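Please review the following briefing on selected local features of one structure.

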Amino acid sequence: MLTAAVVAAVVAGVLGLLQAYLSRPFWYDEIWRAHVVSEPARSLWAELAVANTPSALGWFGLTRLCGEAFGWHSWALRLPGFAAVPLLGAAMVIVARRFTGIAAAVLAAGWVCLNSTFLDLATQLKPYAVETLAATAILALWMVDSSATAVGAGNLSPRRLERGRLARRAGAGVLALFAVPGIFLIVALAAVDLRRGPARRWRLLECSPALVLAGLHTVIFVAHQSSQRNGSYWDRQFIAGRGPLAALRFVVDQVRLTLTGSPPGIDRFDPSLVHGSLPTGPFGPAAAVLLALVVAGAGGLGARILARRPDGRLLLAALGGAELMMLAASAGRYWPFGPTRTNLFVVPMVIVVVLVGVERATQWLSLALRRQSPGKAPQVDAEGLSTSDPALPPRSLVFIRSLSVFSPRLTAGTGPAGLALVVVALLALVGSGTLLAANSLAGSRLVWDHRDRMRGLDLMVDAAITTRRIAGPGDLVAVGGRLARPGWLYAMEASADGPRDPSHLPPARGGDPARGTGPVAGAAGSAGSAGATDAAAAVVAQGSSRTGQVGRPPRIARADTIFFGGSTAPLAAQITSRPTPPRHLLVFVFDIELRDLTGQLTALTRSGWCPARTWTFRLTGTLTTYNHCSPGAATTAVTGAIASEPGRAVAAAR
């Protein structure tokens, strides 16, 4: 426990160095989650149905609680992910220490928590760090009974209901609410309980709370968010739609990618993440192949050792069962298979299996080296272990078997040739570990250098604040781009963050809204209404009710905002169908979708709207004000400007 606390403190210190990640603006893959989390209760269920990927109820509630308690700031919503990393480090030490020495347990925690890809994920508003922590805690909680049975501690009768075990299984079910893939672990672990012992009905009763909680969570809450299974984003990670040979190649390829990652199983799919690179040097891809063989060999040895003890079999069942269920789910396009961010929860289990094999191999080789070296042979106790062997876990937690049972050739004297072989094997093991560590930490410099990196849609809050400042009574806001909708709604309706670059924003003052200096708009109002203008000014003086900050212009209601692009109606048709014609238009277009929306912007000018002024937000989009004009007056100018600079909105004819 002391080691776990120290590891958690060290990991927390590393995160302290990365505190800039807490407050930087959300980018696209974060801001849509912020929108769903902050959505009002009356429309939440409908928004969940179109979410990009499912979120667990526990993570959702915890993140929303942080927003409500600390304000809807980027740092507040990222807190759960940040806090999960040092806790995961402690949990990894506790789980790994059951099977390994302290050094290997610390290495297991560091291999996950200090990995550059994992840190890149954990510092974003994404649930994967929390899910990995929840999965590790589920495994640790379920293992309590295995260790008690293994060493004969306690008087647990298999033929009656054990209330302690029932409470622990219920706790595991609650933890499963914080991880979308929690159902995979719960089902696999419950299957182990139900196949051991004569009193399966009591074991089923004890597992029922976990199965019911995880099952209902998956069927009701998670399945409701499965809209992306109909898209193409995860097609590469689905076994669905492949023939027998193609499916076999797919599985082999995913296993290969898993083994060549550092740590094994870390994401190899997401191009937006920082990935480590293997320092192969002059050896080329041969080094990657050799490392994969070392990892596979260590994993096989670790699995063989773990299979000889109850809690080890539990870990193997959880890992193997989860992988099989993920493969089956990929056949129905419900879950990606392979080393992706969604499957990060299995990485701690893979690491434990590999390190158990590495530690045991190191012990064998060290013992063989000492036995074949000149001088006094090491003392060997009745169990067959050298008294000078590396420290092993307490006997109360581990079954100890003679090394000679597994390594008769290594422990036998084979002369100089055997000594040389042992030395080469030790050097190869150490060298492989060094390369794997270098691969895992290779992206650390990028993680540090990218503290202020912009990934796309980072300036959505700036665009929303600009819109709030220049909008006048009776104006209509139009947001273009299917991907822009959730980010715009969060930035406009919930975010309490200030602009990233205030110097580029227009002031909120009286004047013509079309020139970017208009009075601040209320949530609604008719053009030219003095009462609406006075009301808007009063709101500015009092501050926004959502942010509580004096002087902030009020937010623009969703009723005064339309969205176009994708499957929605054309922009011009939506404007024409409104009961009251708008006074001015404020059109924001997501930059990567600008080319697809060029036709709608051209049709807008044909219907009597001329662009007046444009603000450009780098890697985010453009905001353009439109005034009434004669139909078709600026069609040629706007079309030519968009065609010449498709990545930016250009100020057109005044």
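R169 is buried, with a relative accessible area of 1%, where buried means under 20%, exposed over 50% and partly exposed in between, for a 1.4 Å probe and protein chains only. This is a predicted model, in which local features need pLDDT of at least 70 and side-chain atom pairs count only at pLDDT 80 or more, while totals for chains, interfaces and linings use all residues. Residues are numbered from 1 along each chain as its sequence is written, and side-chain values use heavy atoms, leaving out hydrogens and water.

**Salt bridges**
- R169 pairs with D193 in a salt bridge, with the closest N and O atoms 2.9 Å apart; the term denotes a side-chain nitrogen of Lys or Arg within 4 Å of a carboxyl oxygen of Asp or Glu.
- R169 belongs to helix α10 (residues 163-176) and D193 to helix α11 (residues 182-195), so the pair ties together parts 24 residues apart in sequence; helices are DSSP runs of H or I with at least four residues, strands are runs of E with at least two, and both are numbered from the N terminus.
- D193 is also buried, at 2% relative accessible area.
- E47 and R485 form a salt bridge with a closest N and O separation of 3.0 Å.
- This pair links distant parts of the chain, 438 residues apart: E47 in helix α4 (residues 41-48) and R485 in helix α22 (residues 484-493).
- E47 is buried at 9% relative accessibility, whereas R485 is partly exposed at 26%.

**Strand pairing**
- Strand β4 (residues 609-617) has 7 of its 9 residues buried.
- Strands β4 and β5 (residues 621-628) run antiparallel and are joined by 8 bridges; pairing requires at least two DSSP bridges.
- C610 stands opposite N627 in β5.
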